[in-house]
Amino acid sequence: MNRSKCKSSSDVAGTVKKRQEITMETKVKIIERMEQGEKMVDISHSYNMNHSTTGMILKNTDKIMEHVKSAVPTIISKKHGKVMEEMEKLLSVCIQDQHQCRVPLSLMLIQEKAKSLYEDLKKKHGEESEGASFNASHGWFHGFMARANIHNIKVTDEAESADMVTAREFPKSL
């Protein structure tokens, strides 16, 4: 009762093709190329896949396209006004400048600067910027840091007050 599995020639040669995952984006590109009139053989070779795989993708075009349309997320975002956008650009430049000068920044300092810039720009733009007030909250700050792609700035808390007497005496003792 000696049962041994017979290995195929591809198993012996070590050229077993690994199963690869095909993303929806790739499937859509394949469908678009086929609709443009490219041959299935050329498309299969360019993606390094079997003709049968390409054929199955093309056979299920309707399902794939339906899935892609239903999978598109609806993004709900708040549209910032001109004043807010300009203020965030100026604040970003200000923060980068302070960082290059190695000036420590605190959250409160950035929030105050943002408020003052916003008020100045609101006065400059006049009536077109009338609307919601701006309070530079923690949520706005974190969103601003993400929008401005600022990730290497260390924002510190307020430091404890320095011992002024010791600071004056230190150069003498040095």
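**Entry 1: a loop residue**

In which loop is the place of Asn48? I find Asn48 in the loop between helix 3 (40-46) and helix 4 (51-59), where helices (H or I, at least four residues) and strands (E, at least two) are DSSP runs, numbered from the N terminus. Before going on I note that this is a predicted model, in which local features need pLDDT of at least 70 and side-chain atom pairs count only at pLDDT 80 or more, while totals for chains, interfaces and linings use all residues. I also note that residues are numbered from 1 along each chain as its sequence is written, and that side-chain values use heavy atoms, with hydrogens and water left out.

Asn48 has a phi near 55 degrees, a positive value in a residue other than glycine. I wrote this down because most residues other than glycine have a negative phi. Asn48 is exposed, with a relative accessible area of 53%; here buried means under 20% relative accessible area, exposed over 50%, and partly exposed in between (1.4 Å probe, protein chains only).

**Entry 2: helix 6**

I then went to helix 6 (residues 82-100), which has 19 residues and reaches 27 Å from its first C-alpha to its last. That is close to the 27 Å expected at 1.5 Å a residue, the expected span being 1.5 Å times one less than the number of residues.

Which residues of helix 6 are buried? I list Val83, Met84, Met87, Glu88, Leu91, Ser92 and Ile95. Seen down the helix axis, these buried residues fall within an arc of 165 degrees, so they line one face of helix 6; the arc is that of the directions from the helix axis to the C-beta atoms. The face turned away from the buried side of helix 6 carries the exposed residues Lys82, Lys89, Val93 and Gln100.

For the cover over the buried residues of helix 6, I noted strand 1 (105-106), helix 7 and helix 8 (138-147) among the elements included. Helix 6 and helix 8 pack at an angle of about 75 degrees, with their axes 11 Å apart; axes are lines fitted to C-alpha atoms, for helices over the stretch in contact, and angles run from 0 to 180 degrees between N-to-C directions. This makes helix 6 roughly perpendicular to helix 8, on a scale where angles under 35 degrees count as roughly parallel, over 145 as roughly antiparallel, 65 to 115 as roughly perpendicular and the rest as oblique. From helix 6, Met84, Met87, Glu88, Leu91, Ser92 and Ile95 meet Trp140, Phe144 and Arg147 in helix 8, contact meaning heavy atoms within 4.5 Å.

**Entry 3: Met87**

Leaving aside neighbours within four places in sequence, Met87 is in contact with Ala114, Leu117, Tyr118, Leu121, Phe134 and Trp140. The C-alpha atoms of Met87 and Tyr118 are separated by 5.7 Å, although the two residues are 31 apart along the chain.

Arg102 is exposed, with a relative accessible area of 73%.

How many disulfides does the structure hold? I find 0 disulfides, a disulfide being a pair of cysteine sulfur atoms within 2.5 Å. Cys94 is in none, and the nearest cysteine sulfur, that of Cys101, is 10.0 Å away. Cys94 counts as partly exposed at 23% relative accessibility, whereas Cys101 is exposed at 53%.

**Entry 4: helix 7**

Helix 7 (residues 107-125) has 19 residues and reaches 27 Å from its first C-alpha to its last, close to the 27 Å expected. Its buried residues are Leu107, Ile110, Gln111, Ala114, Leu117, Tyr118, Leu121 and Lys122. They cover an arc of only 135 degrees around the axis, which puts them on the same side of helix 7. On the other side of helix 7, I see Met108, Lys123 and Lys124 exposed.

Gln111 I checked separately: Gln111 is buried, with a relative accessible area of 12%. Beyond neighbours within four places in sequence, Gln111 is in contact with Ala136, Ser137 and His138.
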